[in-house]
Every structure is written in C-alpha cells, then in structure tokens.
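Subject: The structure I promised you

Hi there,

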Amino acid sequence: MELKTLDIRPVPPREKHPTIFTTFDALKDGEAFQLINDHDPKPLYYQFNAERPNQFKWETVEQGPGVWRVNIFKISE
C-alpha cells in the first residue's frame with residue numbers, strides 16, 4: 001500500500017491541525033497517510049484521542065530531531 005504524504009511544515013501554524021483533520025476525515029476505513037512535521041506531533045496525538053477516539057491508529061516512523069514522520073490510519077469503530 002502506498003501512503004499519501006502530508007508535509008505540514010509549510011502550512012501556517014493555525015491551519016496545521018484543521019488541514020490534518022480534513023485529510024484524515026477524507027480517508028476511507030483502512031486507508032492512511034504519512035504526516036511529515038518539523039516537531040514532535042504529540043499534542044496532535046492527544047487531540048486525535050479527544051476528537052476521534054477509537055477511529056485511528058498512530059504509527060511513528062521517524063522521531064526527529066529535524067523531521068518527524070507519523071503514519072495515521074483510519075480504522076472503523
């Protein structure tokens with residue numbers, strides 16, 4: 001399966017999380033995308049837990065220091 005990538009680094013800060021959630025919401029069950037960021041997306045993980053509980057799987061691929069890559073899968077409830 002080839003993952004779509006979302007490089008969020010050039011997106012203005014206040015648009016980052018809405019862009020990520022829009023991308024996630026457009027996925028079908030079982031699909032995923034790879035998020036590329038310039039800092040640890042831990043706060044985003046907590047937001048996913050709060051706003052999309054039991055709807056995602058989070059797979060860290062690369063943990064900095066310059067680049068973080070996370071695969072975010074949409075799973076059925």
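Predicted model: local features only at pLDDT ≥ 70, side-chain atom pairs only at ≥ 80, totals over all residues.

Residues are numbered from 1 along each chain as its sequence is written, and side-chain values use heavy atoms, leaving out hydrogens and water.

Now the sheet. It is open, with 4 strands in the order β1-β2-β4-β3 and mixed pairing. At the edges sit β1 (4-7) and β3 (56-63), each pairing on one side only. From one strand to the next, the twist averages 20°.

Let's walk across it. β1 and β2 are parallel, joined over 4 bridges; here Asp7 stands opposite Ile36 of β2. To get from β1 to β2, the chain passes through helix α1 (residues 13-25), and this β-α-β crossover is right-handed (with the strands pointing away from you, the path from the first strand over the helix to the second runs clockwise). Another pairing here has Leu6 with Leu35 in β2 as its bridge partner.

Next, β2 and β4 run antiparallel, with 6 bridges, and Phe33 has Ile72 of β4 as its bridge partner. β3 and β4 (residues 68-74) are antiparallel too, over 7 bridges. These two form a hairpin with 4 residues between them, and Gly64 in the turn has a positive phi of about 60°.

How many residues of β2 are buried? The count is 6 of 6, so to speak a strand that is mostly covered, where buried means under 20% relative accessible area, exposed over 50%, and partly exposed in between (1.4 Å probe, protein chains only). In a regular strand the side chains alternate between the two faces of the sheet. In β2 both faces are covered: Ala32, Gln34 and Ile36 are buried on one side, and Phe33, Leu35 and Asn37 on the other. Ala32, for one, counts as buried because its relative accessibility is 6%.

On to helix α1. Its buried residues are Lys16, Ile20, Phe21 and Phe24. Seen down the helix axis, they fall within an arc of 110°, so they line one face of α1 (the arc is that of the directions from the helix axis to the C-beta atoms). The face turned away from that buried side carries the exposed residues Arg14 and Thr22. What covers the buried residues of α1 includes β1, β2, α2, β3 and β4, with contact meaning heavy atoms within 4.5 Å.

Of its 15 residues, Ile20, Phe33, Leu35, Phe48 and Ile72 touch the most other members. Two or more residues each come from α1, β2, α2, β3 and β4, and α1 gives the largest share, 3 residues. Leaving aside residues up to four places away in sequence, Ile20 touches Leu6, Ile8, Phe33, Leu35, Leu44 and Phe48.

Happy exploring!

Technical notes
Pairing = 2+ DSSP bridges. Axes fitted to C-alpha atoms, helices over the stretch in contact; angles between N-to-C directions. Core = buried A, V, L, I, M, F, W, Y, C linked by side-chain atoms within 4.5 Å.
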